[in-house]
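Trainee: I have just opened this entry. Could you show me how to read a few of its features?

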Amino acid sequence: MKPTRTPAVLLAASLLLAAPALLRADEGMWMPQQIPELAARLKAMGFTGDPKSFADLTGQPMGAIVSLGGCTASFVSPDGLIVTNHHCVTGQLQFNSTPQQNLLQDGYLAKTREQELSGGPTARVFVTTAVTEVTSQITGSIDPKSTDRQRFELIDRRVKERVAACEKSGQRCTVASFFEGHKYFEISQLEIRDARLVYAPTADIGTFGGETDNWRWPRHTGDWSYLRAYVSPDGKPAPYAKENVPYKPKHWLQVSAAGLKENDLVFVVGYPGRTQRYQTYSEVKETTDWSMPLSIRLAEEQIALLEKITKGNRDLAIKAAARVRGLNNGLTNQKGMLEGLVKGGALAIKESREKDLVAWIDADPARKQKYGDVLPALRALQAEGEKTRERNSVLGGLSGASAYLASAQSLYRLANERPKPDMERESGFQQRDWVRIKEGQERTQRSLDPILDRGLLRWAMARAAALPADQRIEPLDALAGLKPEMSKADAEKAIDAYLDGLYAGTKMGDLAFRMSLFEMSKDECGASDDSFMKLAIALHPLGEANREAMKNRQGAYLRLRPRYMEAVLAKAGGLAAPDANSTLRVTYGQVKSVGAKDGLVWTPFTTLKGVVAKHTGEGEFNVPERQREAVKALRAGKTTPYMDGALKDVPVNFLSTVDTTGGNSGSPTLNAKGELVGLLFDGTYETVASNYLFDPILTRSIHVDARYMLWTMTEVDGAANLIKELGIK
């Protein structure tokens, strides 16, 4: 069915935070239904197609775009073949790796359907089928005399009821907030539960350049992989089973070998994660002063610890690989973002714009009466949350470090929620979530290891031991014998002694035991003598108190933030895209060079010449021998349809002005005909702060060129079966 159309002028011509910036650059992760309103702009850039095609989620090309639940991908054949980034299938590669066959390093190619590997129980493919505005159903007719908590409870209940009604059709549904709660949309998706690994190049191609090149230009990374979606023989979504058959999508993208040139128009369609362009200045200031520096420090400490623990142990290295890659990627991103906000001046611009907003509000008595209290109230709420941020960060870090503890806490919370009516259960613990909780426990087993788990929990408990006296995690102190006045050495001794008993007294590493806990009641969990369950139960009251406080603050935010956005948008005027929130978006731009720094210009393409030039024979810059031989053959005169005449080489990566962020990884890059000409996989270090304030001059995104994908598949990896399936002649 076709999605409900919503006018793109969502706020009656009051939706642009920075109208002049839009005229100078390609800012905007647009909702699909907004694209027709941008027809004039697209036509001026050379688009001759129908912008309305982007608003039809069941048509071409939108019906081919899918989410993997953190990355984007797209169907590229009528037999459910899916292309995405190499780094988006790290989990599938890890799931199928052993010390004897490390697919994370070696890659994988299934030359027959029978050789395609299960992606694991949590592998998902989501196809968005409809987007319907439900603002009035979620926020309409709320008594203005309601308390903040009552407001939270009412909106939470309404969201759950909408989701439940939507899912009666068999879809997976969400209700997402746009413009800080000013608008709500219901998202319906087909959820495919069997996604199999088909092909991933060796890490020497797929992650070439590693962390040295991450978020940098020039780039020479072969960041692509292929999956295939499977369904039951009757065509319905089903978990992995041998008898499942390839899914038959109604739409798929044609992969083009024709290529691009500078100034060509491109579209990127995907599921960008989160941006914070509408945050207040004080919120961004807290990010730069506290949360980002903390995030950077914690990532560095964990990476160093994991490198130490896994050194010389292939099995541990495989189990830790996904976590290490994620930490490294986030670390570089956070460093670049912090530099851009502080040294790059984005924070100062944010402050200036907010002062302009306050002046605009104060200039009119009616506006001052309507909006004058909003920013002070938001700052007060923020200050309230900051009082216990140190303790809460450490508390969350305990389960973030230990999969044993995270499992025990999740299963104990489920035991507490299960007796309630479904509409009263916490989100994430409703009946619709139970299958996912089970599958999560099954998937965890592949990366679970007591050595890794203990090392990370020991590190997290050291953070708890260092907390000031007024922010202690008292249940943990009592169990581990920690005290605020303890020396570091004494605290470490106490932690080690506690951990000895904790890991000796648990069966949480055993999947069958965790599955038995899934069926237990709260009282049965309480009677368990498992040491990790005892720890989870001891920490539960503090977690509950934090969740209760969050609900009260969230109710206040649900009252204040829509009014704040109304003021921001009313002042600006025009058409604007909402912040990214992991829903389907379209962004457009051009293949472009950029004057990155004084005296330095980045050209928009890299080629095989640069790959060979970076080759060192080891580590991050090892070009596989078979790839080097293919390059030699090319240089010796072997013809290829993937050669760029102007570059006189095979293009590898390219730059464009599209506006993207995390979650866009794997998004198809489309030319003006709607053909796939590349995959989005990164941004540039210099402008990652655009998550908070878009840079209309320097922002660039990095794509892998489809011609490099096809050349490698043909000349290096021998993926003739996939080349044929893609329809490449």
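Predicted model: local features only at pLDDT ≥ 70, side-chain atom pairs only at ≥ 80, totals over all residues.

Trainee: How are helix 15 and helix 16 packed?

Mentor: Two packed helices are described by the angle between their axes and the distance between the axes. Here, helix 15 (residues 403–417) packs with helix 16 (residues 431–444) at an angle of about 160°, and the axes are 12 Å apart. Angles over 145 degrees count as roughly antiparallel, so helix 15 is roughly antiparallel to helix 16. Their crossing is left-handed.

Trainee: Which residues in helix 15 and helix 16 meet?

Mentor: From helix 15 come Ala 403, Ser 407, Ser 410, Leu 411 and Leu 414, which meet Trp 434, Ile 437, Gln 441 and Thr 444 in helix 16.

Trainee: Now the strands. In which sense do strand 12 and strand 13 pair?

Mentor: In a regular strand the side chains alternate between the two faces of the sheet. In this model, strand 12 (residues 265–270) pairs with strand 13 in the antiparallel sense, over six bridges. As one example, Val 266 has Gly 589 in strand 13 as its bridge partner. Strand 13 (residues 585–590) is mostly covered, with five of its six residues buried.

Trainee: Which residues touch the most other members of the largest nonpolar core?

Mentor: Trp 224, Tyr 226 and Trp 711 do, in a core of 90 residues. Helix 22 (residues 531–572) gives the most to this core, eight residues. A second, separate core has 72 residues, including Leu 411 and Leu 542.

Key. Residues numbered from 1 in each chain as written. Heavy atoms only, no water. Buried < 20%, exposed > 50% of the residue type's maximum accessible area, 1.4 Å probe, protein only. Helix = DSSP H or I, 4+ residues; strand = E, 2+ residues; numbered from the N terminus. Pairing = 2+ DSSP bridges. Core = buried A, V, L, I, M, F, W, Y, C linked by side-chain atoms within 4.5 Å. Axes fitted to C-alpha atoms, helices over the stretch in contact; angles between N-to-C directions. Parallel < 35°, antiparallel > 145°, perpendicular 65-115°, else oblique. Left-handed = near helix turned anticlockwise from the far one by under 90°. Contact = heavy atoms within 4.5 Å.
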